[in-house]
2 protein chains.
Amino acid sequence: MPGNERATHVTARTPTDAVRDIPEATVARLPVYLRALTALADGGTVSCSSEQLATAAGVNSAKLRKDLSYLGSYGTRGVGYDVEYLRYQIAREIGVTQDWPVVIVGIGNLGHALANFSGFRSRGFRVVALLDADHTLHEQQVAGIVVRPFDDLEQIVRENDVAIGVISVPAFAAQDVADRMVSAGISSILNFAPIVLTVPPGVDVRKVDLSIELQILAYHEQRKAHGEPV
Amino acid sequence: MPGNERATHVTARTPTDAVRDIPEATVARLPVYLRALTALADGGTVSCSSEQLATAAGVNSAKLRKDLSYLGSYGTRGVGYDVEYLRYQIAREIGVTQDWPVVIVGIGNLGHALANFSGFRSRGFRVVALLDADHTLHEQQVAGIVVRPFDDLEQIVRENDVAIGVISVPAFAAQDVADRMVSAGISSILNFAPIVLTVPPGVDVRKVDLSIELQILAYHEQRKAHGEPV
DNA sequence: TCCGTTTTGTTCTCGCGTTCACAAACTCCT
DNA sequence: AGGAGTTTGTGAACGCGAGAACAAAACGGA
């Protein structure tokens with residue numbers, strides 16, 4: 001995805017700050033590489049070539065090598081990459097060597113699914129709270145975590161130093177939730193509500209939208225059917 | 001696909017086929033415009049400028065106009081766009097003026113949430129079947145639809161002319177499900193399993209991956225914290 | 001009818017991302 | 001030790017997308 005217009009990314013950077021900045025397109029692929037490396041490691045693979053890893057990640061090897069080159073030189077020419085070493089380096093670069101605390105707001109069907117999603121814990125995230133405005137849900141346990149009132153947001157963010165929030169409420173409530181999150185100190189939001197969120201500069205928003213994905217598929221599907229009569 | 005590596009898009013096009021081909025980046029935004037127009041129409045707005053619509057869709061107006069220009073000239077200079085007319089034109093271009101039949105495979109937590117997702121019906125899709133290999137789920141109703149055995153896939157695809165499949169099974173089962181879908185005749189897949197699917201040319205795959213989205217946020221979050229001490 | 005105002009549709013330029021192609025560097029074998 | 005074979009890391013070319021800027025077209029008022 002060129003540029004990646006899904007993320008509203010605003011970062012203040014000081015001139016002295018000589019941190020390599022990694023292209024957004026590359027950042028979006030690092031998690032894929034990380035997962036592929038984890039799978040290789042689980043399978044007992046100790047070392048791999050860029051070709052192998054690229055295949056596992058579903059990209060071509062030139063792109064993979066260029067992406068990795070932004071992080072540094074972690075391979076050995078003529079040999080390949082040490083799986084465990086590279087895995088750690090990518091995890092460190094992404095920032096998932098320790099767990100990030102996350103709050104989920106909106107415990108409907110989707111919120112349930114998210115709370116139960118095992119990938120959270122295994123991939124560098126920890127759900128510290130489930131919130132919902134509906135008081136009939138409070139005190140209920142979901143995935144071993146008790147659902148609390150939405151108004152507890154500020155307290156929870158403060159106490160757990162939460163930076164990432166997940167919004168899985170209906171569209172009409174999403175902007176309000178986002179506003180409260182931002183004012184509580186959250187600066188990265190993953191939004192499942194089908195609406196365009198407005199947030200101040202410095203806050204990152206990524207959206208996941210089922211109907212958009214389906215409609216993109218529908219477009220191509222229509223093309224196939226139309227282009228060549230089967 | 002250079003524009004969007006999330007979709008494996010292979011389309012055979014005949015030389016005589018003079019269908020405008022719309023850039024992938026534009027295709028990905030059309031559903032957003034469609035939604036914004038629907039919201040405007042619901043709010044009673046009859047006509048709007050590119051500026052208004054762009055704001056509602058969260059893009060800048062130049063980009064919006066350029067995107068729309070790929071579809072044709074549906075606006076009036078000095079006036080703007082007729083909301084209902086433009087909405088229909090975009091829906092037609094995407095191919096959601098009629099409903100697309102969809103099957104969902106994997107009725108766990110996420111599958112439940114997807115089955116209950118109201119946006120399906122309202123945005124051009126119709127869930128014709130819920131499938132799961134776990135026979136303890138069969139005969140159960142989810143969102144008013146009875147869960148059927150995975151082995152019914154071929155029959156269902158044939159009888160309902162299904163082109164789009166949704167995969168919400170665990171990662172280890174996803175490739176098998178995809179293979180079965182493809183051989184049953186499905187040519188567009190929305191994959192929620194955290195794995196890279198391999199499919200033959202001509203089949204589109206889009207993936208939705210929660211941990212990847214979170215990890216991208218984590219990367220930027222780490223940067224913010226590191227770059228400037230709050 | 002004519003002119004000013006508004007807003008679209010399009011052209012142009014710039015920057016980013018992808019890919020190719022190759023030099024550098026490492027291993028292995030003789 | 002030296003050469004053949006591998007594989008990484010990167011410089012350069014190319015193509016696509018974003019945004020600015022402007023010409024074309026429609027409307028309204030005098």
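In the predicted model, helix α1 and helix α4 of chain B pass each other in a left-handed crossing. The two helices of chain B span residues 24-42 and residues 83-94, respectively, and their axes come within 9 Å at an angle of roughly 150°. Because an angle over 145 degrees counts as roughly antiparallel, α1(B) and α4(B) are described as roughly antiparallel to each other. On the side of α1(B), the contact is made by B:Leu30, B:Pro31, B:Tyr33, B:Leu34, B:Leu37, B:Thr38, B:Leu40 and B:Ala41. The partners in α4(B) are B:Val83, B:Glu84, B:Leu86, B:Arg87, B:Ile90, B:Ala91, B:Glu93 and B:Ile94. By residue class, the contact of α1(B) with α4(B) comprises twelve nonpolar, one polar and three charged residues.

The corresponding helices of chain A were also examined. Helix α1 (residues 24-42) of chain A packs with helix α4 (residues 83-94) of chain A at an angle of about 150°, and the axes lie 9 Å apart. This angle makes α1(A) roughly antiparallel to α4(A). The crossing of α1(A) with α4(A) is left-handed. From α1(A), the residues that take part are A:Leu30, A:Pro31, A:Tyr33, A:Leu34, A:Leu37, A:Thr38, A:Leu40 and A:Ala41. These meet A:Val83, A:Glu84, A:Leu86, A:Arg87, A:Ile90, A:Ala91, A:Glu93 and A:Ile94 in α4(A). The residues of the contact between α1(A) and α4(A) divide into twelve nonpolar, one polar and three charged.

Chain A as a whole contains nine helices and ten strands. Of its 230 residues, 51% are buried. Among the contacts in chain A with a separation of 6 or more, 57% are between residues 24 or more positions apart.

An unreviewed UniProt entry lists A:Gly106, A:Ile107, A:Gly108, A:Asn109, A:Leu110 and A:Gly111 under "binding site". With a relative accessible area of 3%, A:Ile107 is buried, whereas A:Gly108 counts as partly exposed at 36% relative accessibility. When residues up to four places away in sequence are not counted, A:Ile107 touches A:His112, A:Leu130, A:Leu131, A:Asp132, A:Leu137, A:Val142 and A:Val147.

A:Ser61 is found in helix α3 (residues 61-69) of chain A, where its relative accessible area of 12% classes A:Ser61 as buried. Neighbours within four places in sequence being left aside, the contacts of A:Ser61 are A:Ser50, A:Glu51 and A:Ala54. A:Ser188 has its place in strand β9 (residues 188-191) of chain A. This residue, A:Ser188, is buried at 0% relative accessibility. With neighbours within four places in sequence again set aside, A:Ser188 is in contact with A:Ala163, A:Ile164, A:Gly165 and A:Asp204 in chain A, and with B:Leu217, B:Glu221 and B:Lys224 in chain B.

Key: Residues are numbered from 1 along each chain as its sequence is written. Chains are lettered from A and ligands numbered from 1 in the order in which they are written. This is a predicted model: local features need pLDDT of at least 70, side-chain atom pairs count only at pLDDT 80 or more; totals for chains, interfaces and linings use all residues. Side-chain values use heavy atoms; hydrogens and water are left out. Axes are lines fitted to C-alpha atoms, for helices over the stretch in contact, and angles run from 0 to 180 degrees between N-to-C directions. Helices (H or I, at least four residues) and strands (E, at least two) are DSSP runs, numbered from the N terminus. Angles under 35 degrees count as roughly parallel, over 145 as roughly antiparallel, 65 to 115 as roughly perpendicular and the rest as oblique. A crossing is left-handed if the near helix is turned anticlockwise from the far one by less than a right angle, and right-handed if clockwise. Contact means heavy atoms within 4.5 Å. Ala, Val, Leu, Ile, Met, Phe, Trp, Tyr, Cys and Pro count as nonpolar, Asp, Glu, Lys and Arg as charged, and the others, Gly among them, as polar. UniProt positions are given in the numbering used here, feature names are shortened, and annotations may be inferred rather than shown by experiment. Buried means under 20% relative accessible area, exposed over 50%, partly exposed in between (1.4 Å probe, protein chains only).
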